[in-house]
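Please read the following briefing alongside the sequence and the three-dimensional view.

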Amino acid sequence: MDKIVIGKVIKPQGIKGEIKVDITASDKQLVSKLKEIYIDNVSYKVISVKNLVNGVFFKLEGVDDRNQAELLRGMQVSFKRDKMPKLEEGRYLIADIIGSEIIVCEKTIGILDNILQYGAADVYVVKGINDNRDFMFPCLKTVLLKVDIDNKKIYLNNEILEQIAVYED
């Protein structure tokens with residue numbers, strides 16, 4: 001059973017069993033469409049999801065008070081891949097692209113190691129393989145030429161990448 005991790009339980013919320021989840025998925029709207037989640041491999045039916053500025057809050061069937069919610073603190077939250085709502089064109093799950101080869105001018109220059117989500121654009125963190133120089137760049141439409149999920153390859157525009165990449169010393 002192929003599951004995708006979307007975050008972890010941070011804390012109980014209120015007295016009726018809601019939990020606050022720190023979401024690591026790239027699309028928080030996707031999370032709000034889930035009907036079932038797994039917390040440490042135990043299935044829970046999702047009764048409601050509140051996607052607020054300060055977090056994502058789940059109400060789950062069978063978690064009816066703060067004490068029950070407290071038992072879930074720190075546990076991993078996931079869902080079955082086959083239950084995933086359809087993504088819009090050009091949208092990807094972070095889990096599907098981490099580890100992808102970063103290709104510029106038909107040459108692999110690194111491996112996508114992490115994605116930071118801070119503001120207007122995700123920041124891709126790349127482990128360099130040619131000169132061992134790691135770098136980061138904001139994932140903008142102008143730099144991204146193609147994402148090949150099946151072959152785990154991301155093709156970038158070299159000219160734009162040279163302008164926006166930040167290299168570690």
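How many helices and strands are there in the chain? This is a predicted model, and the chain in it holds four helices and 13 strands. Its C-alpha trace spans about 55 × 30 × 25 Å along the principal axes.

**Burial, contacts and surface**

- Of the 169 residues in the chain, 37% are buried.

**Strand pairing**

- Strand S6 (residues 76–80) runs antiparallel to strand S1 (residues 3–13), to which five bridges join it, and in this pairing Lys8 has Gln76 of S6 as its bridge partner.
- Strand S6 also pairs in the antiparallel sense with strand S3 (residues 36–39), over two bridges, and here Tyr38 is partnered by Ser78 of S6.
- An open sheet with mixed pairing is formed by seven strands, in the order S11-S12-S7-S8-S9-S10-S13.
- Strand S11 (144–148) and strand S13 (166–167) are the edges of this sheet, and because each has a single partner strand, one side of each is left without a neighbour in the sheet.
- The partner of S13 is strand S10 (residues 135–138), with which it pairs in the antiparallel sense over two bridges, and Phe135 stands opposite Tyr167 of S13.

**Charges and salt bridges**

- The chain carries 25 positive and 26 negative side chains, with the centres of the two sets 7 Å apart, and the count of salt bridges comes to seven.
- Glu18 and Lys50 form a salt bridge in which the closest N and O atoms are 3.3 Å apart, and this pair links distant parts of the chain, with Glu18 in strand S2 (residues 18–23) and Lys50 in strand S4 (residues 42–52), 32 residues apart.
- Within that pair, Glu18 counts as buried because its relative accessibility is 14%, whereas Lys50, at 40%, is partly exposed.
- Asp96 forms a salt bridge with Arg81, with the closest N and O atoms 2.7 Å apart, and so helix H3 (residues 94–97), which holds Asp96, is linked to the loop between S6 and H3, which holds Arg81.
- Asp96 is buried at a relative accessible area of 16%, while Arg81 is partly exposed at 28%.
- Lys127 and Asp134 meet through their side chains in a salt bridge of 3.5 Å, N to O, in which Lys127 is partly exposed at 43% relative accessibility and Asp134 is buried at 16%.

How values were computed
Residues are numbered from 1 along each chain as its sequence is written. This is a predicted model: local features need pLDDT of at least 70, side-chain atom pairs count only at pLDDT 80 or more; totals for chains, interfaces and linings use all residues. Side-chain values use heavy atoms; hydrogens and water are left out. Buried means under 20% relative accessible area, exposed over 50%, partly exposed in between (1.4 Å probe, protein chains only). Lys and Arg count as positive and Asp and Glu as negative; His and the chain ends are not counted. The place of a charge is taken as NZ of Lys, CZ of Arg, CG of Asp or CD of Glu. Two strands pair if DSSP finds at least two bridges between them. A salt bridge is a side-chain nitrogen of Lys or Arg within 4 Å of a carboxyl oxygen of Asp or Glu.
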